[in-house]
Amino acid sequence: LANYNKGKSSWESMLILGYGLMKQGETGMRKTDDRIDLSSKYGRQAAEHWYYTGMLRFYTQFTNGFAYPNDSIAISKFMAPGYINLSIGMDYKPSENFNVYFGPLSGKVTYVLDDTLSHYGAFGVEPDKNVRYEFGGIIKSMYTHEIMKNVTFLTRLDLFSNYLKNPEKIDVNWEVLLNMKINKYLSASLN
């Protein structure tokens, strides 16, 4: 997380990289986490707690994903899917722990840069196409709270509606995270 605030300007950027594997019992190794998520928002204060804001977000994964227990056919790969969101709107920041971004003018590009997956029309891309363009609105919120010393709760919710096709079908990405710092070397997370 990197924040810059000076005068009426506010710039917030966040990079989340996650990769986890698990082996349990007789099953082979399985992914538990796999993501590359970069977002950046620049805002100019319009009123108390309100900012005119532009936002850019990119996310994908590092390695192939599978529909376990079948681990012979990949159902996702790096940049299959890959997403880019670009929007303009208003950011409401009443405190350092909570903000909501309303982006009524948003573009979303979905990439499926794997010919096998694009052939089947994976991730909403037309069969045998590699890119899908959408225009719609986005709402993005984040809340953090220190429950007790060294225990932090974080939740992020992203909603996107495509104005041009089935606007009632909303893309939902919701993350809930509980971080517990044990000491300066160890921490535990529930996600």
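## The largest pocket

The largest pocket of this predicted model has a volume of about 840 Å³. Its lining is made up of 37 residues. Those that lie nearest the centre of the pocket are Leu1, Glu12, Met14, Asn99 and Met142.

Which strand gives the most to this lining? It is β2, with 6 residues. By class, 16 residues of the lining of the largest pocket are polar, 12 are nonpolar and 9 are charged.

## The second largest pocket

The second largest pocket holds about 540 Å³ of space. It is lined by 22 residues, and the closest to its centre are Asp34, Arg35, Tyr59, Thr60 and Asn173.

Four strands, β3, β4, β10 and β11, each supply at least two residues of this lining. The largest share comes from β3, which provides 6 residues. How is the lining of the second largest pocket divided by class? It has 11 charged, 7 nonpolar and 4 polar residues.

## The largest cavity

Rolling a probe the size of a water molecule over the atoms shows where empty space is left. In this structure there are 2 cavities of 30 Å³ or more.

The largest cavity contains about 60 Å³ of space. Its lining consists of Arg57, Tyr59, Asn85, Lys108, Ile138, Asp158, Leu159, Phe160, Asp171 and Asn173.

Three strands each supply at least two residues of the lining of the largest cavity: β4 (residues 50-60), β10 (151-162) and β11 (170-181). Of the strands, β10 gives the most, with 3 residues. The lining has 4 charged, 4 nonpolar and 2 polar residues.

## The second largest cavity

What is the volume of the second largest cavity? It is about 40 Å³. The residues that line this cavity are Ser10, Glu12, Lys41, Tyr42, Gly43, Tyr51, Thr53, Asp91 and Lys93. Glu12, listed here as a lining residue, is also one of the residues nearest the centre of the largest pocket.

At least two residues of this lining come from each of β2 (9-22), β3 (30-47), β4 and β7 (82-95). Strand β3 gives the most, with 3 residues. By class, the lining of the second largest cavity comprises 4 charged, 3 polar and 2 nonpolar residues.

## Strands beside the second largest cavity

Three of the strands that contribute to the second largest cavity, β3, β4 and β7, are also linked by pairing. Strands β3 and β4 pair in the antiparallel sense over 11 bridges. Within this pair, alanine 47 stands opposite tryptophan 50 in β4. The two strands form a hairpin with 2 residues between them, and histidine 49 in this hairpin takes a positive phi near 75°.

With which sense does β4 pair with β7, parallel or antiparallel? The pairing is antiparallel, and it extends over 10 bridges. Here tyrosine 52 stands opposite methionine 90 in β7. Strand β4 therefore has a pairing with β3 and another with β7, by the rule that two strands pair if at least two bridges are found between them.

Methods: Residues numbered from 1 in each chain as written. Predicted model: local features only at pLDDT ≥ 70, side-chain atom pairs only at ≥ 80, totals over all residues. Heavy atoms only, no water. 1 Å grid on protein atoms, 1.4 Å probe; cavity = no way out; pocket = protein on both sides within 12 Å on 5 of 7 lines; lining within 4 Å. Points joined across faces, edges and corners; volume = space filled by probe spheres on them. Nonpolar A, V, L, I, M, F, W, Y, C, P; charged D, E, K, R; others polar.
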